[in-house]
Amino acid sequence: MAEYTFREVIAQAMSEEMRKDESIYLMGEEVAEYNGAYKASKGMLDEFGPKRIIDTPIAELGFTGISVGAAMNGNRPIVEFMTFNFSLVGIDQIINNAAKIRQMSGGQWNCPIVFRGPTASAGQLGATHSQAFENWFANCPGLKVVVPSNPYDAKGLLKTAIQDNDPVIFMESEQMYGDKMEIPEEEYYIPIGKADIKREGTDVTLVSFGKIMKLAIQAAEDLAKEGISVEVIDLRTVRPLDYDTVLGSVKKTNRLVVLEEAWPFGSVASEITYMVQQKAFDYLDAPIKRITTPDAPAPYSSALFAEWFPKLDKVKEEIKKAMYVK
């Protein structure tokens with residue numbers, strides 16, 4: 001075991017897979033000469049050269065489209081968006097081409113691409129740079145959506161995503177790139193579509209994913225001191241979503257709180273809430289609680305942003321409400 005940062009394991013995962021398969025390449029803005037906008041491709045240009053680590057113009061529509069065509073012709077592109085806010089410029093290529101080509105070609109073509117980069121807010125960056133689109137992409141059949149919360153999961157999931165024969169949306173966070181964790185020296189993979197129980201509990205189930213998992217774990221640790229046992233589930237993948245793990249936990253604890261850094265309408269939390277009431281209604285001892293950002297764009301003001309982003313105290317308050325504890 002050795003300690004690595006989130007950005008380092010992203011580079012490791014890509015490099016390990018690229019050494020095995022010459023059809024894999026990385027393209028995006030500043031991924032080569034600058035070692036990545038967040039240094040998540042550091043050293044890769046030196047090892048693989050400019051034909052496989054490709055700096056692109058500021059033209060997401062163009063290089064997203066190029067990656068789709070390349071994938072249909074036998075390559076396995078990794079496309080880095082400087083942030084997923086910018087993926088909207090190329091979202092037509094993702095939704096109308098990458099996600100649908102297998103079905104529309106009757107299985108004659110697949111589209112093995114990983115679209116990766118930061119998602120959601122990263123502090124005081126304003127409304128157009130602080131958006132979480134996990135639920136947008138997860139709504140589209142043909143796409144897989146992965147949102148890791150720590151370096152260990154990120155490496156194993158990214159390696160699996162690169163080997164997948166379908167398009168995978170791999171969503172990171174600027175605020176996690178410096179997070180450190182001990183990582184095994186031996187190679188490992190984590191399956192897409194399998195949630196992870198980060199903390200066992202008996203009183204209430206708390207489901208989350210991505211960087212806001214830090215709040216979920218902290219809330220569980222704080223409430224344990226008050227005698228409330230919180231089971232914390234990290235979805236890791238929101239499409240396909242591991243309903244079985246969530247349902248199994250709810251059947252044990254009889255209560256559910258979902259924490260998500262996204263707008264409330266049509267959120268991943270909404271889907272989980274529906275499925276739990278559909279499949280485990282008789283096990284619930286309290287209404288399901290949902291914690292999201294407000295239904296408004298992220299503010300730039302640091303004071304307003306602090307109010308907009310879900311707070312630790314709010315998470316603990318909603319858990320206590322589910323427990324009928326004041």
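## Salt bridges and surface charge in a predicted model

Searching the whole structure turns up 27 salt bridges. Keep in mind as you look around that this is a predicted model. Let's visit a few of these pairs, then turn to a charged patch and an annotated domain.

How accessible are Lys20 and Glu187? Lys20 has a relative accessibility of 46% and therefore counts as partly exposed; Glu187, at 45%, is partly exposed as well. The two also belong to a network of salt bridges that links Glu16, Glu17, Lys20, Lys155, Lys159 and Glu187.

Next, find Asp222 and Lys316, whose side chains meet in a salt bridge at 3.1 Å, N to O. This pair links distant parts of the chain: Asp222 is in helix H8 (residues 213-224) and Lys316 in helix H12 (residues 312-323), 94 residues apart. Are these two residues buried or exposed? Both Asp222 and Lys316 are buried, which means that each has under 20% relative accessible area.

For another pair, look at Lys198 and Asp196, where the side chains form a salt bridge of 2.9 Å from N to O. Lys198 has 29% relative accessibility, so it falls in the partly exposed class. Asp196, with 24%, is partly exposed too.

Now for the charged patch. Which residues gather in a patch of negative charge on the surface? They are Glu30, Glu33, Asp46 and Asp55. Residues in such a patch have no salt bridge and over 30% relative accessible area. Asp46, found in helix H2 (residues 44-48), has a relative accessible area of 74%. Asp46 is therefore exposed, because the exposed class begins over 50%.

Finally, step back to the annotated domain. An unreviewed UniProt entry carries the annotation "domain: Transketolase-like pyrimidine-binding" for residues 4-179. In the model, the chain over residues 4-179 is 36% helix and 16% strand. How far apart are the end C-alpha atoms of residues 4-179? They are 8 Å apart.

Technical notes:
Residues are numbered from 1 along each chain as its sequence is written. This is a predicted model: local features need pLDDT of at least 70, side-chain atom pairs count only at pLDDT 80 or more; totals for chains, interfaces and linings use all residues. Side-chain values use heavy atoms; hydrogens and water are left out. UniProt positions are given in the numbering used here, feature names are shortened, and annotations may be inferred rather than shown by experiment. Helices (H or I, at least four residues) and strands (E, at least two) are DSSP runs, numbered from the N terminus. Patches are made of residues with over 30% relative accessible area and no salt bridge: like charges are joined within 9 Å, nonpolar side chains (Val, Leu, Ile, Met, Phe, Trp, Tyr) within 5 Å. Accessible areas come from the Shrake-Rupley method with a 1.4 Å probe; for residues, only the protein chains shown count as cover. A salt bridge is a side-chain nitrogen of Lys or Arg within 4 Å of a carboxyl oxygen of Asp or Glu. Lys and Arg count as positive and Asp and Glu as negative; His and the chain ends are not counted. The place of a charge is taken as NZ of Lys, CZ of Arg, CG of Asp or CD of Glu. Buried means under 20% relative accessible area, exposed over 50%, partly exposed in between (1.4 Å probe, protein chains only).
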